[in-house]
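User: I would like to learn how to read the packing of helices and the meeting of domains in a model. Could we take the ideas one at a time, each followed by its case here?

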Amino acid sequence: MVQSGATHWFELHNPATQELLGYVPQATAEELREAAASCASAFKTWRKTSVLSRQRMMLDLQALVRERQDDVARNIVHEHGKTFNDARGDVFRGLQVVDHACGVPSHLMGQRLPVANDMDTYTIHEPLGVVGGITPSNFPFMIGAWIMPLAIATGNTCLLKPSERVPGATMMLAQMVKDVGIPAGVVNIVHGGVDTVNFVCDAPEIRAISFVGSDTAGKHIFARGTANGKRVQANLGAKNHGVVLPDANPVHTLNQLAGAAFGAAGQRCMALSTAVFVGEARQWIPALVEQARALQAGFGMDPKSDLGPVITPASKRRVLELVQSGVDEGATLLLDGTQCTPAGYEHGNFIGPTILGNVKPHMRCYREEIFGPVLVILEAETLDEAIAMVNANPYGNGTALFTNSGSAARHFEENIDVGQVGINVPIPVPIPPFAFTGSRGSIRGDLNFYGKSGVQFFTSIKTVTALWRKQDATVASQAAMSMPTIH
């Protein structure tokens, strides 16, 4: 760890109290260059480390993350504002990708085919070099764990930039990397804002960039990174719909809608921020309002809290502005959480569960990602009308259908133009053997996160055609009698 010589610092506040927790440096240009050069130097030897050695280190990292997950979760509560249980979920979903990285020998297996006498053609997955990761504030641990473990397990080195709003979880992950004996320079953490992002986009040592975050930042990173010849995967904004059919189980459906809309104070790229009630299912809307009304906003370490604050005062102002825009454009405020002030946390960035009904697709509160504990409700007469509504939205991260009809579910999954589809599952983020498959306006780049697609993103494929003629064979001069070992 190097003490920064920064002259500009970002204040780090607890969003529930506004308590000043510390300062995050804007790394200097020299520090950024040194970090990238360190990763490039480490790559020369790390890439030659056997895949079994890298697997062993991933197994050690897996054990250490599991041991320290509650410490990381507590840090997330104080820096981000999540409830403790939700923060533990953040860490656990990241741990699952570490678990996945432990299978790296299988992930890197190539293909082989005898193509002629004494001739074979085969493929080799090779690491790219230095890869850059830029992570958002809403999942301080999970997204870093989407990127770094698989990147280094496949033989790359990684320069990781956490959000300046929530750096602690990434620093704790970096400490674990060090504690399990992964060599210096294989993982470097750099801090800062736009200047650091632009450095990652421009640095010639960095061959690929993995990013999750906002539309504006993601489009900028994709354009600037690819212009510099880098491979880029960027997950951007979302407007995820939960479509409710009248034959769905009402208790299950309303529970799932409330949790997916208001958990993490709506600050998830896979939050179900939009519900589409089809036909007679609209009769359930009052029950959903009452269920949401019972949820409590509060400090994340309080076990009575169902949701915490949004991350910054600016985030709160934007959410309130979007709610008001809905009212101004004719939506009905079915549940108003805009005046939520938990006792003892009067300075926190709290917004209670809020529901807007009678929303139409032209309204700003529907067109834009709110990223707060606000559910907007639209209505449709038929499933096909609901599908058309979802497909007309520019975003394609995730969607869900609630039904007890297998034929309706099949019709939905075949006709919906969204990357991740849940059937009676509200936040269908796949487990790591599969890939995170957002689509359309929610993603830039051809290769998705983790799973087989993640391995492809972090490696290049070399094809070798080899001729070893039988007549050139020689006899070994001495037999090896001991069990071979691999280092």
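Analyst: An axis here is a line fitted to C-alpha atoms, for a helix over the stretch in contact, and the angle between two axes runs from 0 to 180 degrees between N-to-C directions. Please keep in mind that this is a predicted model. In it, the axes of H2 and helix H3 (residues 84-101) come within 8 Å and cross at roughly 165°.

User: How are H2 and H3 oriented to each other, and which hand does the crossing have?

Analyst: Angles over 145 degrees count as roughly antiparallel, and H2 and H3 are therefore roughly antiparallel to each other. H2 passes H3 in a right-handed crossing. Among the residues that meet are Met-58, Leu-61, Val-65 and Ile-76 of H2, with Phe-84, Val-91, Leu-95 and Val-98 among their counterparts in H3. Sorted by class, this contact holds 13 nonpolar, two polar and six charged residues.

User: At what angle does H2 cross H6?

Analyst: Helix H2 (residues 51-80) and helix H6 (residues 168-179) have axes that come within 9 Å and cross at roughly 160°, so H2 and H6 are likewise roughly antiparallel to each other. The crossing of H2 past H6 is right-handed. The H2 residues in this contact include Leu-61, Leu-64, Arg-68 and Val-72, and those of H6 include Ala-169, Met-172, Leu-173 and Met-176. The contact of H2 with H6 comprises ten nonpolar, three polar and four charged residues.

User: What does a packing angle of about 50° make of H9 and H10?

Analyst: In general, two packed helices are described by the angle between their axes and the distance between the axes. Helix H9 (residues 250-262) and helix H10 (residues 285-293) pack at about 50°, with their axes 10 Å apart, which makes H9 oblique to H10. Leu-254, Asn-255, Leu-257, Ala-258 and Phe-262 in H9 meet Ala-287, Leu-288, Gln-291 and Ala-292 in H10, and by class these residues divide into seven nonpolar, two polar and no charged.

User: How many residues does the contact take from domain 1 and from domain 2?

Analyst: The domain assignment of the protein chain gives domain 1 (9-236 + 442-465) and domain 2 (241-423), whose C-alpha centres lie 31 Å apart. Their contact takes 23 residues from domain 1 and 25 residues from domain 2. The area buried between domain 1 and domain 2 is about 1,900 Å², with carbon and sulfur atoms giving 59% of it. On the domain 1 side, Ala-16, Thr-83 and Ser-442 lose the most area to domain 2, together 25% of what that side buries.

Technical notes:
Residues numbered from 1 in each chain as written. Predicted model: local features only at pLDDT ≥ 70, side-chain atom pairs only at ≥ 80, totals over all residues. Heavy atoms only, no water. Helix = DSSP H or I, 4+ residues; strand = E, 2+ residues; numbered from the N terminus. Parallel < 35°, antiparallel > 145°, perpendicular 65-115°, else oblique. Left-handed = near helix turned anticlockwise from the far one by under 90°. Contact = heavy atoms within 4.5 Å. Nonpolar A, V, L, I, M, F, W, Y, C, P; charged D, E, K, R; others polar. Domains from an automatic or database assignment. Buried area = accessible area lost by both parts, 1.4 Å probe.
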